[in-house]
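I opened this notebook to record what I looked up in one protein structure. The entries follow the order in which I worked.

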Amino acid sequence: MLIQVSVNELDLQIPVGWFKEERIVKTRVLVSFHLEYRSKEIDDELLNTIDYSEMHQLLKDCAVEYKLLETYGEVVLKAAKEKFTSVQLVSGVIEITKSQILEENSKSKSQVVKISKKYDE
């Protein structure tokens with residue numbers, strides 16, 4: 001069976017942005033992170049699943065300075081594979097929503113980067 005564990009819209013302040021000013025003031029982002037893994041059975045043991053608090057901590061630990069949201073997303077997906085070794089990860093998806101933009105006269109409500117990764121290829 002396939003099981004998906006998710007963190008939805010974790011509110012983070014990350015030093016990310018193409019412009020240095022964005023990295024200095026930090027940018028507010030909402031991060032949704034989904035991991036899918038294969039399991040033969042559910043046996044009510046935390047060891048056989050992914051702990052939400054560890055997902056939260058991983059997202060926070062990876063929140064260092066980047067120019068691109070895509071880089072942050074890629075780092076998180078790679079780190080998940082290294083961290084969650086007690087389960088057989090199949091795929092991961094990270095969606096990062098950034099509402100702040102320094103472009104003048106922008107009519108955009110937000111910008112979104114969504115990255116998917118298959119682990120069992």
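The entries below go from the whole chain to single residues.

**Entry 1: the model.** I noted at the start that this is a predicted model, in which local features need pLDDT of at least 70, side-chain atom pairs count only at pLDDT 80 or more, and totals for chains, interfaces and linings use all residues. Residues are numbered from 1 along each chain as its sequence is written, and side-chain values use heavy atoms, with hydrogens and water left out.

**Entry 2: confidence.** I looked up pLDDT, the predictor's confidence in each residue, from 0 to 100. Its mean over the protein chain is 90, and 93% of the residues reach 70 or more. Confidence is lowest in α1, with a mean of 85, and highest in helix α3 (residues 69-83), with 97.

**Entry 3: the fold.** I counted helices (H or I, at least four residues) and strands (E, at least two) as DSSP runs, numbered from the N terminus. The protein chain has three helices and four strands. Their order from the N terminus is β-α-β-α-α-β-β. The C-alpha trace spans about 55 × 25 × 25 Å along its principal axes. I then turned to contacts (heavy atoms within 4.5 Å). Of the contacts with a separation of 6 or more, 67% join residues 24 or more positions apart.

Entry 4: Of the 121 residues in the protein chain, 39% are buried. Accessible areas come from the Shrake-Rupley method with a 1.4 Å probe, and for residues only the protein chains shown count as cover. The chain exposes about 7,700 Å², and carbon and sulfur atoms supply 48% of that area.

**Entry 5: helix α2.** Which residues of helix α2 (residues 52-61) are buried? I found Met 55, Leu 58 and Leu 59. Seen down the axis of α2, the buried residues fall within an arc of 95 degrees, so they line one face of the helix. The arc is that of the directions from the helix axis to the C-beta atoms. The cover over these buried residues includes β1, β2 (27-38), α3 and β3 (88-98).

**Entry 6: salt bridges.** I searched for a side-chain nitrogen of Lys or Arg within 4 Å of a carboxyl oxygen of Asp or Glu, which defines a salt bridge. The whole structure has five salt bridges.

- Asp 11 and Arg 28 meet at 2.8 Å, N to O. This pair links distant parts of the chain, with Asp 11 in strand β1 and Arg 28 in strand β2, 17 residues apart.
- Arg 23 and Glu 65 meet at 3.0 Å, N to O. Arg 23 is in helix α1 and Glu 65 in the loop between α2 and α3, 42 residues apart. Arg 23 counts as buried because its relative accessibility is 14%, whereas Glu 65 is exposed at 53%.
- Lys 78 and Glu 74 have their closest N and O atoms 3.6 Å apart. They are four residues apart in helix α3, so about one helical turn separates them.

**Entry 7: a surface patch.** Trp 18, Phe 19 and Leu 68 make a nonpolar surface patch of about 350 Å². Patches are made of residues with over 30% relative accessible area and no salt bridge; like charges are joined within 9 Å, and nonpolar side chains (Val, Leu, Ile, Met, Phe, Trp, Tyr) within 5 Å. Trp 18 lies in the loop between β1 (2-14) and α1 (20-25). Trp 18 counts as exposed because its relative accessibility is 57%.

Definitions and conventions: Buried < 20%, exposed > 50% of the residue type's maximum accessible area, 1.4 Å probe, protein only.
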